[in-house]
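Please keep the sequence and the structure in view while reading.

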Amino acid sequence: MKILLAGGAGYIGSHTAVALLEAGHEVVVVDNYCNSCAESIKRVEELTGKSVVSYEADVKDKAKMLEIFQANSIDCVIHFAGLKAVGESVQKPILYYRNNIDTTLTLLECMAETGVHNFVFSSSATVYGDSSNNPPYEESMERGKCSNPYGWTKSMMEQILQDAAVANKELSVVLLRYFNPIGAHPSGRIGEDPQGIPNNLMPYIAQVAVGRRDKLTIFGDDYPTPDGTCRRDYIHVMDLAAGHLQAVEFAVQNKGTEIFNLGTGTPYSVLEIVRAFENSNGIKVPFEFGPRRAGDLPAFWADASKAREVLGWRTTYTLEDMCKDTWNWQKNNPQGYRK
Ligand code: NAD
Ligand code: UFG
């Protein structure tokens, strides 16, 4: 199949591109590099020995996107192209709603106009909301009240896609709710390359380890959890990428909307992650405790049984793999993709 990856130069998109190419599919990437660079795609080509058709374009640009759809006969779209910084979304809600929702609508319109029927969407565990659901989260739970505009964009886009699939019986929509993706390709050639101060735990730890930051601040030590720090379901990005391959194969065989959690089902605390990184890599990660971060929930993790049963998807990477692969990427690319 020929699969269009909107936002495919980013962290999850580039790893998914490797998984799809290795499975024998063709990949077309559209990215405006607002949070990535073309180097990741070059490295995907180098890792797989296959070539990727790539376009520098804004997915909101309908005329350009239509040209791209017309020039390539696309079988399935995977939509990664979103802005994802939770704090920034509180400061710049209009930017987030415009970018995340407009990209989705543009892709749906181009698909309708060129007869493409399969859509896989990067959703998030954030749609389960901030209080209404108790973990482990199951796909059958109602979406909840999100604590920030980023989360609401995901929740709204899920609704838009579900409505589109109700109206168009030809359409197949797979909503993938990611938990906390970390790690990198075991080669250390591609990985997560946050711009500025990392918002997320693992990239921050990696930058402390490589000497770019002095110490980690752990946000809160008084949560109602065994060690007082928050617990999350961390998943290796290679397992996540494999989940996309299975989702694409599912999409082409089924109509309507299906939702899958992509997580391991096992939560770890912030302190456990710090210790695991130190023990896996033999490196100290200095840290201090700071106040809680607004909007953080004490603990959530996936019920991952549906993806296992319906897609036959299983996670295969351990927490140690996640820590080692993160470090392998960071130490070989201390400044990310920039030289
Ligand atoms: P990323 O920022 O590395 O990748 C997103 C890519 O989309 C970037 O390459 C960016 O340049 C591109 N992009 C954004 N807006 C665009 C536009 N208008 N036109 C063209 N390209 C555009 O992020 P990621 O971690 O790979 O996340 C991919 C998707 O998964 C996002 O939608 C994100 O919200 C979702 N997600 C990520 C996480 C996570 O923790 N990483 C968790 C849940 C969901
Ligand atoms: N944390 C720290 N210090 C840091 C960064 C994070 O202690 O410097 C803690 C957070 O407080 C949290 C845990 O590490 O307890 C994980 O935080 P992340 O920011 O890595 O991940 P989140 O669970 O907050 O966010 C993730 C995704 C979002 C998604 C959200 C769903 O990054 O895209 O899950 O709630 F929306």
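A salt bridge is defined here as a side-chain nitrogen of Lys or Arg within 4 Å of a carboxyl oxygen of Asp or Glu. The model is predicted, so local features need pLDDT of at least 70 and side-chain atom pairs count only at pLDDT 80 or more, whereas totals for chains, interfaces and linings use all residues. Residues are numbered from 1 along each chain as its sequence is written, chains are lettered from A and ligands numbered from 1 in the order in which they are written, and side-chain values use heavy atoms, with hydrogens and water left out.

Helices (H or I, at least four residues) and strands (E, at least two) are DSSP runs, numbered from the N terminus. Glu39 forms a salt bridge with Lys42, their closest N and O atoms lying 3.5 Å apart. Because the two residues are 3 residues apart in helix α2 (residues 39–48), about one helical turn separates Glu39 from Lys42. Glu39 is buried, at 18% relative accessible area, while Lys42 is exposed, at 52%. Together with Arg43, Glu39 and Lys42 belong to a network of salt bridges.

How far apart are the closest N and O atoms of Glu158 and Arg143? In this salt bridge the separation is 3.0 Å. Glu158 belongs to helix α6 (residues 149–167) and Arg143 to the loop between β5 (118–124) and α6, so the pair ties together parts 15 residues apart in sequence. Glu158 is buried, with a relative accessible area of 0%, and Arg143 is partly exposed at 23%.

The nonpolar interior comes next. In soluble globular proteins, nonpolar side chains tend to be buried together. A nonpolar core is a set of buried Ala, Val, Leu, Ile, Met, Phe, Trp, Tyr and Cys residues joined through side-chain atoms within 4.5 Å. The largest core has 40 residues, of which Leu5, Val27, Ile78, Val120, Val174, Leu176 and Leu262 touch the most other members. Helix α8 (residues 237–253) supplies the largest share of this core, 7 residues. Apart from this core lies another, of 28 residues, including Val59, Ile101, Leu107 and Phe119.

Conventions:
Buried < 20%, exposed > 50% of the residue type's maximum accessible area, 1.4 Å probe, protein only.
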